[in-house]
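Have the 3D view ready and follow along.

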Amino acid sequence: MVTGFVVMLLVAVLCAVYFSVKMEQVSEADARTYEIYDRHYVFITDDAEKEFWNEVYAAAVEEGKKENVYVERLGEDLNVNYQTEDLLRIANNSSVDGIIFCGEDNEETVSLINEAVGKGIAVVSLRQDIEDSQRQCFVGVNSYDLGLEYGKQILELTELEQIQHPRICILADDTMAESKQNLITFAIQDSFSEARQGEEDLPEIEVRKIDTAEAFSAEEAIRDIFIDNRNLPDIMVCLNSVYTQCAYQAAVDYNRVGEVKILGYYTTDAILDAVEKQIIYSTVQVDTEEMGIQSIRALTEYHESGYTSSYVPISTMIIGGREAAALLQKSEVEDAGN
């Protein structure tokens with residue numbers, strides 16, 4: 001009996017030692033699996049321009065790693081398609097440290113952003129400023145400067161095509177603030193006033209608002225413009241990548257290439273290909289990497305010092321046929337290398 005008791009005790013001790021060693025190994029594995037971050041930021045945008053926002057988000061994630069910040073793409077890969085207002089509400093209830101946001105400028109959005117700020121959550125708005133909110137910083141392209149960029153291209157086109165009084169159609173989504181539309185329009189007019197001193201006639205500019213409620217509303221609205229022979233514009237200005245792609249596709253489908261000059265926005269491979277082929281005259285390239293980096297830096301600066309710049313401008317560049325060809329060639333070389 002004594003011998004049996006000693007054997008059982010020895011087995012129990014060995015089991016306890018074995019279990020302890022295994023638990024320590026599991027704890028070490030868990031420590032390697034999970035990372036601990038200093039802060040948690042969420043990135044909230046709609047799904048309209050996935051390629052554009054994917055680039056911005058990727059840059060934000062890389063910059064966040066430098067600051068030991070976890071940047072979450074809130075709402076991604078969910079079975080339910082949440083509106084940006086819903087995602088803002090989730091972020092507020094989750095008590096995150098910072099919100100990077102691009103969405104519709106409406107009363108609900110303003111209220112939710114103000115609620116977040118009241119809870120001590122820093123908020124940065126991207127591309128479209130939520131002007132009446134208490135957000136800490138706006139990171140994006142100045143509307144007047146963007147209008148001047150388009151104005152230069154329109155002047156170049158009118159001289160090239162010898163169009164004396166161009167009819168210009170600006171495609172903007174129906175959520176864009178009236179002030180932003182006016183700034184872009186004024187900047188185009190100012191470009192003409194400065195370049196053609198002494199001439200009173202300014203270009204005829206129409207802002208065509210596109211309904212964003214339906215998935216195919218942009219395609220339908222832009223198609224309607226191209227089939228209306230009496231009111232066909234000389235120049236079409238697209239203020240996002242979706243409208244740019246819809247416009248050049250409609251120009252091809254309705255045999256309007258060259259008849260309607262398209263000025264685009266952003267630089268996907270498809271847009272660059274259209275610029276190289278001169279289906280699109282030129283497009284505005286926005287530095288998406290800079291946008292992502294600056295949004296993280298603004299939030300970090302606010303957390304560390306209690307303040308940050310209320311506006312951080314993002315650089316743009318006009319891409320014409322030559323530049324588009326060079327960018328496409330560079331992309332092909334990089335793809336071949338990978």
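Let's begin with a pair of helices in this predicted model: α7 and α8 cross each other in a right-handed way. By class, their contact includes 9 nonpolar residues and 1 charged residue, with no polar ones.

How are two packed helices described? By the angle between their axes and the distance between those axes. For α7 (residues 217–227) and α8 (residues 241–253), the angle is about 45° and the axes lie 9 Å apart. The two helices are therefore oblique to each other.

Which residues meet where these helices touch? From α7 come Ala218, Glu219, Ile222 and Phe226, and their partners in α8 are Val242, Tyr243, Cys246, Ala247, Ala250 and Ala251.

Now turn to the sheet. It is open and built from 6 strands, ordered β2-β1-β3-β4-β5-β11, with parallel pairing.

| Edge strand | Residues | Partner strands |
|---|---|---|
| β2 | 69–73 | a single one |
| β11 | 311–313 | a single one |

Each edge strand has a single partner, so one side of each is left without a neighbour in the sheet. On average, neighbouring strands are turned by 20° against each other, ignoring direction.

Look next at one pair inside the sheet. Strands β3 (residues 98–101) and β4 (residues 122–126) run parallel and are joined by 4 bridges. Here you can find Gly98 standing opposite Ala122 in β4.

Finally, helix α10 (residues 288–305) lies across β1, β2, β3, β4, β5 and β11, and runs at about 160° to β4.

Note on methods. Residues numbered from 1 in each chain as written. Predicted model: local features only at pLDDT ≥ 70, side-chain atom pairs only at ≥ 80, totals over all residues. Heavy atoms only, no water. Axes fitted to C-alpha atoms, helices over the stretch in contact; angles between N-to-C directions. Parallel < 35°, antiparallel > 145°, perpendicular 65-115°, else oblique. Left-handed = near helix turned anticlockwise from the far one by under 90°. Contact = heavy atoms within 4.5 Å. Nonpolar A, V, L, I, M, F, W, Y, C, P; charged D, E, K, R; others polar. Pairing = 2+ DSSP bridges.
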